[in-house]
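Please work through the following exercises with the structure at hand. Each task is followed by a solution in steps.

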Amino acid sequence: MVIPILDLKREYQYMKKDIDEAIKTCLAHQKWILGPEVEQLEKRVSQYLNVKHCIGVSSGTDALVLSLRALAIKLKGKEYFDKTDEIITTTFTFTATGDAILRSGATPVFVDIDPITFNLDPEQIKSYLTTQPVNNLTKVVGIVPVHLYGQICDMEEILRIAKEYNLFVVEDVAQAFGAKQQVVNGKWQMAGSIGNAGCFSFFPSKNLGGFGDGGMVSTNDDEIAELVRMLLKHGGKDKYNVDHIGYNARLDTIQAGILLAKFKFLDEFNEKRRKIAQFYTKELSKTENIILPSSIGYHVFHQYTIRILNGKRDTVQKYLKEKGIDTMVYYPLCLHQMKVFKERCKTLPALENSIRATKEVLSLPIEPLLTEDELNIVVNFLKDSINE
Ligand SMILES: *Cc1c(COP(=O)(O)O)cnc(C)c1O
């Protein structure tokens with residue numbers, strides 16, 4: 001018996017009727033490029049997030065690249081940022097976050113995480129900003145917070161800092177579709193609706209995943225929306241007479257159709273993930289030598305990630321693998337440790353929390369359709385492995 005971290009076949013069976021119907025509709029109309037489903041999905045998601053614009057793009061990575069390029073054009077009147085323009089983000093994220101910053105022309109500044117939430121620590125952002133010499137040739141222009149594992153960052157504090165230093169904020173929402181935070185009047189604010197733009201991924205394993213690559217940009221800014229729409233189809237409003245250095249970065253009609261069908265299940269599946277998280281937290285609360293994840297705001301548990309102490313993470317993972325239980329290490333390396341970024345980034349001197357996380361984190365099976373029996377097996381073997 002194998003307990004997978006995710007089981008997309010099981011999910012397809014659960015949603016088969018809706019998905020097959022959506023694909024058949026696309027087969028019938030044959031409007032493969034920017035067909036009606038793309039616009040329908042954009043409308044549906046902008047209502048869900050309560051933002052003015054959503055724009056389908058070809059991946060989460062492209063969502064980030066296009067948003068940052070649009071901001072360079074809007075703020076600087078130039079195609080790309082300059083190397084002296086710095087964008088602060090977390091070093092404990094997927095490569096694409098840092099890669100997109102490089103591809104927009106800017107220099108990534110990698111700072112440390114909060115050890116409880118694994119998210120970008122606002123104190124570290126402040127610490128970088130306040131230690132910059134006055135006559136600096138470089139200038140921080142923006143912040144890219146990543147809502148890691150499905151948990152929203154401390155957006156209130158990040159926005160406060162952004163306002164004080166006149167910085168833009170582009171949210172990396174790739175892992176957090178449906179996550180939200182409660183604001184003063186008791187209302188909820190969705191991840192991706194808070195910064196100048198939000199970047200979503202529909203990579204198959206994300207909380208809303210397609211049958212291939214896909215992504216989306218959300219924004220309340222008309223100018224950013226217009227620029228992203230231009231950039232995703234070669235850089236112009238008119239494809240045969242363009243203004244900017246563009247891309248072919250459209251969201252496929254068929255992906256939009258599948259995503260619309262799956263979108264109906266997003267809240268239900270996020271709730272199922274939260275139930276699994278509650279189960280793990282209850283069952284593992286007394287286990288020694290592990291630290292369980294926090295749950296701040298409405299956490300959508302893209303991953304349920306624990307820390308395993310005493311340097312035993314790799315032995316625990318191996319033990320579980322032998323028992324047929326899949327787990328993952330997100331992420332084994334920080335971005336500032338990778339060759340591509342080493343010579344192209346800036347950092348604060350110590351990134352201890354992030355480096356420690358790369359050695360301790362382990363993500364447990366989170367497939368929303370796992371049964372209680374399967375979850376019990378995970379919990380029991382995990383306890384055994386730690387007591388070994
Ligand atoms: C998945 C992911 C991305 C990139 O999304 P793609 O659709 O795979 O390009 C970016 N940032 C984070 C944090 C991710 O997890």
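**Exercise 1: A salt bridge and its setting**

Task: Determine which residue forms a salt bridge with E374.

Solution. E374 pairs with R10, and their closest N and O atoms are 2.9 Å apart. The criterion for a salt bridge is a side-chain nitrogen of Lys or Arg within 4 Å of a carboxyl oxygen of Asp or Glu. Between domain 1 and domain 2 the count is two salt bridges. The model is a predicted one, in which local features need pLDDT of at least 70 and side-chain atom pairs pLDDT 80 or more, while totals for chains, interfaces and linings use all residues. Residues are numbered from 1 along each chain as its sequence is written, and side-chain values use heavy atoms, without hydrogens and water.

**Exercise 2: The two domains**

Task: State how the protein is divided and how many residues of each domain are in contact.

Solution. Step one: domain 1 covers 8-263 and domain 2 covers 266-387, the bounds coming from an automatic or database domain assignment. Step two: 50 residues of domain 1 are in contact (heavy atoms within 4.5 Å) with 46 residues of domain 2. Step three: the area buried between them is about 4000 Å², with 59% from carbon and sulfur atoms; this is the accessible area (1.4 Å probe) that two parts lose on being put together, summed over both.

**Exercise 3: Helix α8**

Task: Explain why α8 is described as largely enclosed.

Solution. Among the buried residues are T253, I258 and F263. The buried residues of α8 pack against α1, α2 (36-49) and α9 (266-284); helices here are DSSP runs (H or I, at least four residues), numbered from the N terminus.

Definitions and conventions. Buried means under 20% relative accessible area, exposed over 50%, partly exposed in between (1.4 Å probe, protein chains only). Helices (H or I, at least four residues) and strands (E, at least two) are DSSP runs, numbered from the N terminus.
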